[in-house]
Amino acid sequence: EKWRKQKSSQPILYWCSRNMSFWSSISFNLAVLMNLLVAFFYPLEGFRGGTLEPHLSALLWMAMLVSLAIVIVLPQPHGIRALIASTILRLIFSVGLEPTLLLLGGFNLCNKVIFLMSFVGNRGTFTRGYMAMVMDVEFLYHLLYLIICSLGVFVHVFFYSLLLFDLVYREETLLNVIKSVTRNGRSIVLTAVLALILVYLFSIVGYIFFKDDFILAVDRIPNKTLGMLKACQKENGENLVIEDKERTCDSLLMCIVTVLSHGLRSGGGVGDVLRKPSKEEPLFAARVIYDLLFFFMVIIIVLNLIFGVIIDTFADLRSEKQKKEEILKTTCFICGLERDKFDNKTVTFEEHIKVEHNMWHYLFFIVLVKVKDSTEFTGPESYVAEMIREHNLDWFPRMRAMSLVSSDADGEQNEIRNLQEKLESTMKLVTNLSGQLTELKEQMTEQRKQKQRIGLLGHPQHLNVNPQQPA
């Protein structure tokens, strides 16, 4: 923090540190450009300045001025690239390719120095001492890059080719390709040791039984053919074609080298390069078994084991990368709640991670607590500062959010209100049913009384009719 305060007091250094990614992009583009020039025009002595025709030179001057005007009026990346390209072409045809490469290399060296200062400034490495700088792997990588730039400027331009490996550092996909070999390096190394043991055993068998079959064709350098072993000569017209062959298994060491070099590089194993035996030979069956065993055990099994480990590791790294990206997209970095927890809520997941739990707001608050004078802390700031000193993250709202708490409370109140309304309507319905039941009882009582009266009036003792008189 002290280094950042000192840096902010120096406007130029502060501006350089804020544009660190821009300096890195310039370094990579310059490395690619210089390697293209070296690849197409090396050796540089054959390309001198002043070789362009007058009308083409004037056209190039015009293109450079037009691109400069476009950049001044409308500064866009494409216009800047066109200006840089036309300027470099103008330098090549004016002063020559070698001075242009020297100028680009010097510019790249200065740019990398600025980048390294920006990197150290943003990391605050100056205030942590030299041991922190030495133990920082990323700082050592950029320091090595700076050394290679210096070697390219002062020693030889071929050192610029090493700068292209910066693409591996810049691209995570290529970094995973490298990790697919180094992550399970122990398994790969042990499998390679098994392959070497098998090669050693096959070399011993070949040395004992098939020493005469290890005869390989060689191409000797002209004027150094004294002492050659001439196996056969073929005459084609007036030209004499000489095929040279050598015995490559007269010692066990040479046998091991032959089996290791030609056996692993041949698609069918060591049998592809050995002498083709006749079926009349007594060891023909043994040679067939020897070639097949080497093919199956070394080429098919062991080498494919190594390739399988590399491919599986790369697939695991790719799935881990996809899983990390999925977690970053669907999980809040602060509270750890997933997207589905905010379905059918008043606050969406996007609003939650942007407003309620913005991780950059938490970072700014941590920086504020570190920069602010402890005597001016508020209660929450004192609590958070103490937690940060103890590396304790309990002050983070893990698996909870205010929006979900408020929405849950509102939901409970709505449920209680609905239950009260349902209870009131049920009470009214019970009261109505009670009244209707009372009325029904009264009606039933009246009907029963009427039936009793009708029964008394219809009795024979109460009628003035003679039962013997016919009707």
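These numbered points go through a predicted model of one protein chain.

1. **Overall make-up.** Start with the inventory. The protein chain has 17 helices and three strands. There are 471 residues, and buried ones make up 27% of them.

2. **Confidence along the chain.** How far does the predictor trust its own model? The mean pLDDT of the protein chain is 79. A score of at least 70 is reached by 77% of the residues. Which element has the highest confidence, and which the lowest? Helix H11, residues 185-209, is highest, at 92. Strand S2, residues 230-236, is lowest, with a mean of 45.

3. Residues 224-242 have pLDDT below 50. Even so, this stretch has 17 contacts in the model beyond near neighbours in sequence. Residues 467-471 also stay under 50. For residues 467-471, the model has zero contacts beyond four places in sequence.

4. **H11 against H12.** Look next at helix H12, residues 252-265. The axes of H11 and H12 come within 9 Å. They cross at roughly 125°. That angle makes H11 oblique to H12. The crossing is right-handed. From H11, the contact takes in Leu196, Val199, Tyr200, Ser203, Ile204, Gly206 and Tyr207. They meet Leu252, Cys255, Ile256, Val259 and Leu260 of H12. By class, this contact has ten nonpolar residues, two polar and no charged.

5. **H12 against H13.** H12 also packs with helix H13, residues 284-330. The angle here is about 70°, and the axes are 11 Å apart. How are H12 and H13 placed relative to each other? They are roughly perpendicular, because an angle of 65 to 115 degrees counts as such. On the H12 side, the residues are Val259, Gly263 and Leu264. On the H13 side, they are Tyr290, Phe294, Val298, Ile299 and Leu303. Seven of these residues are nonpolar, one is polar and none is charged. Note Val259: this residue of H12 meets H11 and also meets H13.

6. **H10 against H13.** H13 has a contact with helix H10, residues 172-182, as well. The two axes come within 8 Å and cross at roughly 140°. H10 is therefore oblique to H13. H10 passes H13 in a right-handed crossing. H10 brings Glu172, Thr173, Asn176, Val177, Lys179, Ser180 and Val181. H13 brings Ile310, Thr313, Phe314, Leu317 and Lys321.

7. **Asn111.** Now some single residues. Asn111 lies in helix H6, residues 97-123. Is Asn111 buried or exposed? Its relative accessibility is 4%, so Asn111 counts as buried. Leave out residues up to four places away in sequence, and Asn111 touches Trp23, Ile26 and Ser27.

8. **His357.** This residue sits in the loop between H14 and helix H15, which covers 359-371. His357 is buried too, because its relative accessibility is 6%. Beyond residues up to four places away in sequence, His357 touches Cys332, Ile334, Cys335, His352, Tyr362, Pro397, Arg400 and Ala401.

9. **Glu350.** Find Glu350 in helix H14, residues 349-356. At 42% relative accessibility, Glu350 counts as partly exposed. Thr330 is 20 residues apart from Glu350 along the chain. The C-alpha atoms of Glu350 and Thr330 are separated by 9.6 Å.

10. **Pro380.** Pro380 belongs to helix H16, residues 379-389. Why does Pro380 count as exposed? Its relative accessible area is 56%, and exposed means over 50%. Trp395 is 15 residues apart from Pro380 along the chain. Between their C-alpha atoms, the separation is 9.7 Å.

Key: Residues numbered from 1 in each chain as written. Predicted model: local features only at pLDDT ≥ 70, side-chain atom pairs only at ≥ 80, totals over all residues. Heavy atoms only, no water. Helix = DSSP H or I, 4+ residues; strand = E, 2+ residues; numbered from the N terminus. Buried < 20%, exposed > 50% of the residue type's maximum accessible area, 1.4 Å probe, protein only. Contact = heavy atoms within 4.5 Å. pLDDT = per-residue confidence, 0-100. Axes fitted to C-alpha atoms, helices over the stretch in contact; angles between N-to-C directions. Parallel < 35°, antiparallel > 145°, perpendicular 65-115°, else oblique. Left-handed = near helix turned anticlockwise from the far one by under 90°. Nonpolar A, V, L, I, M, F, W, Y, C, P; charged D, E, K, R; others polar.
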